[in-house]
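Let's take a walk through the charged side chains of this one. Have the viewer open and follow along.

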Amino acid sequence: MTEPEVAAILRCSREKIKRLRLAGKLAYLPGRPVLIDEADLASYIEAEKARIAAKAEAAKPRPRLTETDARKWALEQVLLRRGRRKP
């Protein structure tokens, strides 16, 4: 596939495709015109999906600790410290 065809599929500019190629994120066959294999395009799309999914997973809010949970955690820390001091 040519750069304009790939740009149409990804809905971006030809310049972005060129930047992806030069950054090593999108494999290509050098020449005139530059060609991009469909398998390479599919692997790039899958990698982007995985990156976006990981970013969304990291952005999920953590559950807040209740006051009871905080007290329990603090007591465990104190008890663990005492347990380590004893020979």
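Are K60 and E57 buried or exposed? Both of them are exposed. Keep in mind that this is a predicted model. The side chains of K60 and E57 meet in a salt bridge, at 3.3 Å from N to O. That pair is one of six salt bridges that the structure holds.

Next, hop over to helix α4, which covers residues 67-85. Here R71 pairs up with E67 in a salt bridge, with the closest N and O atoms 2.7 Å apart. R71 and E67 sit four residues apart in this helix, so about one helical turn separates them. R71 counts as exposed because its relative accessible area is 55%, and over 50% is the cut-off for that label. E67 is exposed too, with 55% relative accessibility.

Now for a linked set: salt bridges with shared partners tie E3, R14 and R21 into one network. Start with E3, which lies in helix α1 (residues 3-10). E3 counts as buried because its relative accessibility is 10%, and buried means under 20%. Leaving out residues up to four places away in sequence, E3 touches R14, I17, K18, R21 and V34.

Two of those neighbours deserve a second look. R14 forms a salt bridge with E3, and the closest N and O atoms are 4.0 Å apart. This pair links distant parts of the chain, with R14 in helix α2 (residues 14-23) and E3 in helix α1, 11 residues apart. R14 itself is partly exposed, at 47% relative accessibility. As for R21, its side chain and that of E3 are joined by a polar contact of 2.6 Å.

How values were computed: Residues numbered from 1 in each chain as written. Predicted model: local features only at pLDDT ≥ 70, side-chain atom pairs only at ≥ 80, totals over all residues. Heavy atoms only, no water. Helix = DSSP H or I, 4+ residues; strand = E, 2+ residues; numbered from the N terminus. Buried < 20%, exposed > 50% of the residue type's maximum accessible area, 1.4 Å probe, protein only. Polar contact = N/O pair within 3.5 Å; in protein donor to acceptor, adjacent residues only side chain to side chain. Contact = heavy atoms within 4.5 Å.
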